[in-house]
Amino acid sequence: AHMRALRWGIAPFFPIFDILKWVPGVGHYAGQVEPLVLYGYYLSRAGEDVVQALTPLMEEKTSSQSDPINRLVIETLAENHFQIQAANQALADAAQVRAQLDLSWLPGSLGAELRDFDRRFPLLQGGLGLLAQLPQLAGSDKPQTYLLVVQNNDELRATGGFIAAFGLLQVDNGLITRFEFQDSYAVDNFAAGYPKPPAPLATYMLAGYWVPRDANWSPDYPTAARQIQALYSASTGMQVDGVIALDQEALVSVLRVLGPVNVGALNESVDADNVILWMGRAWAPEPETGVTDEWWSQRKEFIGQLGTAIKDRLFSLREPDALAEVGYTTLQMIQAGHMLLYFNAPEAQTALVQAGLDASVRPGPGDFLMLVDSNVGFNKADALVERRLDYRVNLADLEHPQAVLRASYRSRAQPGAVCKQEAVYNLTYEGLQQRCYWNFWRVLAMGDSRLMAGQVAAIPAEQLLAQKPYDGQIGQFPAEGGATEFSGMMVLPAGDHREVLIQWQLPSWVVHKTGGEYVYFLRIQ
């Protein structure tokens with residue numbers, strides 16, 4: 001209300017400020033008045049519309065209703081669709097007037113505060129865009145089916161971990177009508193005519209086919225999600241409307257908000273503090289029977305049991321504070337890469353991109369660095385691997401800047417394990433962690449970077465499945481998002497350490513000349 005009054009109270013003077021902006025000395029300041037007032041007005045109006053649209057969910061009476069919270073959310077958003085659209089329009093108007101603001105002419109700390117807000121603005125725009133799409137994503141028009149991808153970050157792959165299981169989540173007008181999981185190996189259908197796998201999988205794991213559980217090879221999640229869909233559809237004939245991936249850290253985060261849940265027929269209590277250990281015990285074969293065909297077929301049933309317990313607890317929430325905490329935690333999981341989203345619906349995916357939540361490889365206009373590790377050792381050794389990156393840039397010659405990366409790896413596993421690359425199971429999950437680490441590493445750098453030198457340990461033939469040595473050669477290839485990829489192989493013995501040292505020439509345009517100054521900035525993904 002204050003911003004509305006300020007806008008209309010000062011609007012008659014806007015033409016005067018517009019004339020004054022050509023006056024030396026005071027003109028720059030005068031020219032900021034109208035866009036600044038309008039910027040505040042449109043932002044406050046968007047906030048007002050959103051608050052009014054969501055107020056029914058934040059009222060105490062929500063907790064007394066019998067409808068599932070997912071149905072209440074969808075109904076509330078559908079009923080307040082025009083307010084959410086109005087908020088989106090107000091944000092679009094705010095973006096338009098923001099382009100007219102020169103923050104360097106604003107007084108005091110206001111310019112710094114608005115620069116900080118600039119970094120959050122895309123998230124606000126994209127988030128509101130997703131809010132408008134949520135009823136359709138939840139099946140208000142027609143049922144939607146999403147492929148759930150359970151990634152194991154103890155066995156790293158490009159988008160977060162080896163695909164341990166697939167699930168199907170079907171929603172119809174906000175209600176879940178299908179929720180099930182299956183072992184990722186059970187999806188295999190070799191009559192489907194799978195394509196050839198990426199070269200590193202063929203070379204270091206001797207994979208002859210590109211199967212669904214290896215589909216997340218690309219570090220660019222939209223690319224990986226489309227590949228996952230394609231291979232899953234070829235295997236099962238099932239068409240889905242999007243792909244949602246989660247890892248163990250996502251479970252820990254969710255349970256920290258929800259509290260303990262009771263899982264399975266034994267009603268075991270699982271919470272954020274014990275869920276990782278519980279999953280390891282639930283996976284392990286019985287010591288007296290060991291690894292059997294029956295164990296193999298049932299070893300991942302705990303995933304569906306835990307998923308169902310979390311789902312039931314999540315959608316039984318009614319308290320406004322708890323719902324808000326779930327929303328905030330979900331955002332944190334997405335930003336940290338523990339939960340990844342991809343929607344086939346163009347409007348929803350565009351909103352994800354706008355919010356910066358699509359997990360795509362996005363180098364940006366400055367320098368760029370992204371380390372991508374892929375465990376190709378048939379084990380869970382990543383749980384005991386520590387990493388450190390040391391990145392140094394030499395700008396002495398601005399036409400030919402250079403970068404040096406030292407990636408250090410240290411294993412906390414017990415020393416003494418023989419580094420033999422093979423698919424062998426232990427009686428305990430911990431046994432799969434206490435192994436050497438076979439890592440196909442990729443470093444994504446700024447496009448047009450050029451490899452100058454490198455130092456990577458060679459690998460003897462007896463430590464590789466193909467029985468062919470790796471000579472320490474570093475490859476250079478075009479990568480996703482216009483980046484450049486440097487890549488190679490590493491074997492890290494249990495309890496030991498290794499380093500990857502790479503030097504490359506950066507393109508000159510990573511340094512920008514602005515107002516007589518040379519500016520360098522780096523995006524690390």
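Strands E13 and E14 form a hairpin in which 5 residues lie between the two strands, and Gly481 in the turn has a positive phi of about 70 degrees. The structure described here is a predicted model. Gln476 stands opposite Phe486 in E14.

Strands of a sheet pair through backbone hydrogen bonds, either parallel or antiparallel. Here 5 strands are arranged in the order E3-E2-E1-E4-E7, with mixed pairing. From one strand to the next, the twist averages 20 degrees. Inside this order, E1 (residues 144-152) pairs with E4 (residues 242-246) in the parallel sense, over 4 bridges. Leu147 stands opposite Val243 in E4. Helix H8 (residues 221-236) packs on the sheet and touches E1, E2 (162-172), E3, E4 and E7. The direction of H8 makes about 70 degrees with that of E7.

Packing between helices was examined for H4 and H6. Two packed helices are described by the angle between their axes and the distance between the axes. For H4 (residues 69-79) and H6 (residues 110-137), the angle is about 120 degrees and the axes are 9 Å apart. This angle makes H4 oblique to H6. The crossing of the two helices is left-handed. On the H4 side, the contact involves Val73, Ile74, Leu77 and Ala78, which meet Leu131, Leu134 and Pro135 in H6. The residues of this contact comprise 7 nonpolar, no polar and no charged.

The cysteines were also considered. A disulfide is a covalent bond between the sulfur atoms of two cysteines. The count comes to 1 disulfide in the model. This bond is formed by Cys419 and Cys436, whose sulfur atoms are 2.1 Å apart. The link is left-handed, with -85 degrees about the S-S bond. Cys419 lies in the loop between strand E10 (402-411) and helix H15 (429-433), whereas Cys436 lies in the loop between H15 and strand E11 (437-445); the pair therefore ties together parts that are 17 residues apart in sequence.

Definitions and conventions: Residues numbered from 1 in each chain as written. Predicted model: local features only at pLDDT ≥ 70, side-chain atom pairs only at ≥ 80, totals over all residues. Heavy atoms only, no water. Axes fitted to C-alpha atoms, helices over the stretch in contact; angles between N-to-C directions. Parallel < 35°, antiparallel > 145°, perpendicular 65-115°, else oblique. Left-handed = near helix turned anticlockwise from the far one by under 90°. Contact = heavy atoms within 4.5 Å. Nonpolar A, V, L, I, M, F, W, Y, C, P; charged D, E, K, R; others polar. Pairing = 2+ DSSP bridges. Disulfide = S-S within 2.5 Å.
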